[in-house]
Amino acid sequence: MPNRFRINGSAVVMGLYLLFLLVPIYWLVNMSLKTNQEILGSFSLWPQDVTFQNYVLILTDPSWYMGYINSLIYVVMNTAISLAVALPAAYAFSRYSFMGDKHLFFWLLTNRMAPPAVFALPFFQLYSSVGLFDTHIAVALAHCLFNVPLAVWILEGFMRGVPKEIDETAYIDGYSFPRFFIQIFTPLIASGIGVAAFFCFMFSWVELLLSRTLTAVDAKPIAATMTRTVSASGMDWGVLAAAGVLTIVPGALVIYFVRNYIAKGFALGRV
Amino acid sequence: MNKTVNQKAWFLVLPVLLLVAFSAVIPLMTVVNYSVQDTFGRNEFFWAGLEWFDEMLHSERMWDALGRQLMFSAIILAIEVPLGIFVALNMPKSGFWASFCLVLMSLPLLIPWNVVGTIWQIFGRVDIGLLGYTLDKIGINYNYTQDIFDAWVTVIVMDVWHWTSLVALLAYAGLQSIPDAYYQAAKIDQASRWSVFRYIELPKMAGVLMIAILLRFMDSFMIYTEPFVVTGGGPGNATTFLSIDLVKMAIGQFDLGPAAAFSLMYFLVIMAISWVFYTVMTTMDKKDGV
C-alpha cells in the first residue's frame, strides 16, 4: 500500500507542474480563437464564438508565413553546420590531449557565455561588410557562436562514455579513421547526436536578438515579424496570439518525432 | 579516462576553431576598438584611451543594473534548481507517461523567447489575462506595469515557467543513469528515502546538475528578450537587467564607446563567474573518473 500511495503522490506533483506549464499556453490558444472584440469585450475561459480568422490571415499572407519558412531555413542550416564541425572536435577533446586543449575548450565555452547583446552591433557590421546581411546563412553562422560550443560540450560528454577499447580494436582490424568514425563510432553515439541536434535546433529557433539584427526583409524570422507588425498596427491581440501558437508548433513537432529518442538520449548510460 | 597525447588532434578541432573565431574574435575586436575611441559621427574616431572604462566604473546606472542582475540570477537559481530536482524525482521512470511528461515539459523550452514574453504579458494583464484577471477578482491589487514588486514576481515566475524543465530534464537524465543495483543495496540496508536521495541520487546527479546550474546562470545573466517584452525594463528601471541596459545604450542612444566598455566588463564578469563553475565541474569530473 505505501508503494501505491507514493506513485499517486508523484502523479499529483507532476499533474500540478504540467498544469502550471500548460495554463499560460492554453490561454494563448484560447485567445487565438477569439475575435478582437471578444478578447477586449468579454472575459471567458473558452472562446464563445470560435473563429479561425486569425490563422487564415497568417497562413494566406506571405509577409506572415514567409517568416516561418525563413526561421526554419536558418535553424536547419545552423543545426547541420554545428553538428558537422562539432563531431570531429568533440572526438578530439574526448580522446586525445594536445597542446592547449583545456584552454581551447574553455575558450569555446566562453562563447556560449557571451551575451548576444554584446555582439548584436558588431555582427551587423561584420555581416554587412562581407555582403551577407539579410541572408539565411548569416543568421545560421551567427547562431553557431553559441550552438557549436554547446554541441561540442554535449557530444564530448557522450563520447567519453564510449570505451576507448572500441577505437583501438577497430584500428587493429584495419579501419581507417574516417571509416571507423562513420561506420562504428557514429552509430554508438547516435543518441548523443540526437540530443545535440535537439539543443541546436532549440537555441537557434528561440533566439531573437541576433536574428532580428541580421535580417531586414528576405530572411526575416517569424519572431521579428511578430514584434514589428504588432507595433505598426496597434494591438491586434488575436493575430498576435495565433502567430504565437504557430511558433510553438515546429518545436512541438520536433519533440514529438524524437520523443523516444530524446528519452533514450537523456538516459545516457542506461540505453 | 587517460588520454593519449596527440598533437594531430588539432586538425580535428580546426574547423570549430575557424568557425567560432570568425563569429567571435572579429566582432569582439570591433567592440574593443569602440571601447577605446570616441566618435562624433561620420565615421571619424578619436583615441579616448580608458576614459569610457573609467566612466562606466563610476556610473551608478551600471552598478544598479549589475545589482538587479545578480539578484535576479540568484533568485531564479534558488527556485529552479530545487524545483527541477523535485520534479525529476517525481517523473515516471518509463513507459507512455514518461514520454508524455518529457514532451510536455520540453514545450516551454522550444517557444521563441519573445513569444514567451508575449504569453506572460497577456497572461498577467488585468483586463484580458487569466492570471491578472483572477488576482484582481480575488482582491489582490496586481499590476506589473506599475508596481515594482509585481513586475519582479511576474518576470521571475515567467523564468521559472520557462526554464525549470531544463533543470528537470537534466536531473532526470542523471537519475536514469543510476543502476538498479544501487537502489536494491539501499533497500537491503533499509536506507530512508532521504538517505537514498542524499547518498545515491544527489552524488550521481552532481555532474548534470553542475551543467544545469552553469547553463541557467549564463542564460539568466544575459536575459534580454523576455523581460523586455513583458515590462520593457520598467516600471522605471526596476527590471532593467544588464543586457536591456546595454542595448538601450548601444542602439537606443548610440553611445558606442561607453556601451562597448560596458560590454567588455559585462563579458568579463560572466567569464569570471563561469570559470569558477567550470573549474569546480572539471575537478568533480576527475574525481568521478578515478
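At what angle do helix H4 of chain A and helix H1 of chain B pack, and how far apart are their axes?

1. The model is predicted. In it, H4(A), residues 62-95, packs against H1(B), residues 10-35, at an angle of about 125 degrees, and the two axes are 7 Å apart. Because angles of 65 to 115 degrees count as roughly perpendicular and those over 145 as roughly antiparallel, H4(A) is classed as oblique to H1(B). The crossing of these two helices is left-handed.

2. On the H4(A) side, the contact is formed by Val85(A), Ala86(A), Pro88(A), Ala89(A), Tyr91(A) and Ala92(A). H1(B) contributes Leu12(B), Val13(B), Pro15(B), Val16(B) and Leu19(B). The composition of this helix contact is eleven nonpolar residues, with no polar and no charged residues.

3. Turning to the interface as a whole, 70 residues of chain B are in contact with 82 residues of chain A. On the side of chain B that touches chain A, H1(B) supplies the largest share, with 13 residues. By class, that side of chain B comprises 53 nonpolar residues, 16 polar residues and one charged residue.

4. The chains are also joined through strands. E1(A), residues 96-97, pairs with E1(B), residues 4-5, in the parallel sense, and the pairing extends over two bridges. Within this arrangement, Tyr96(A) stands opposite Thr4(B), a residue of E1(B).

Technical notes. Residues are numbered from 1 along each chain as its sequence is written. Chains are lettered from A and ligands numbered from 1 in the order in which they are written. This is a predicted model: local features need pLDDT of at least 70, side-chain atom pairs count only at pLDDT 80 or more; totals for chains, interfaces and linings use all residues. Axes are lines fitted to C-alpha atoms, for helices over the stretch in contact, and angles run from 0 to 180 degrees between N-to-C directions. Helices (H or I, at least four residues) and strands (E, at least two) are DSSP runs, numbered from the N terminus. Angles under 35 degrees count as roughly parallel, over 145 as roughly antiparallel, 65 to 115 as roughly perpendicular and the rest as oblique. A crossing is left-handed if the near helix is turned anticlockwise from the far one by less than a right angle, and right-handed if clockwise. Two residues are in contact if their C-beta atoms, placed from the backbone, lie within 7 Å. Ala, Val, Leu, Ile, Met, Phe, Trp, Tyr, Cys and Pro count as nonpolar, Asp, Glu, Lys and Arg as charged, and the others, Gly among them, as polar. Two strands pair if DSSP finds at least two bridges between them.
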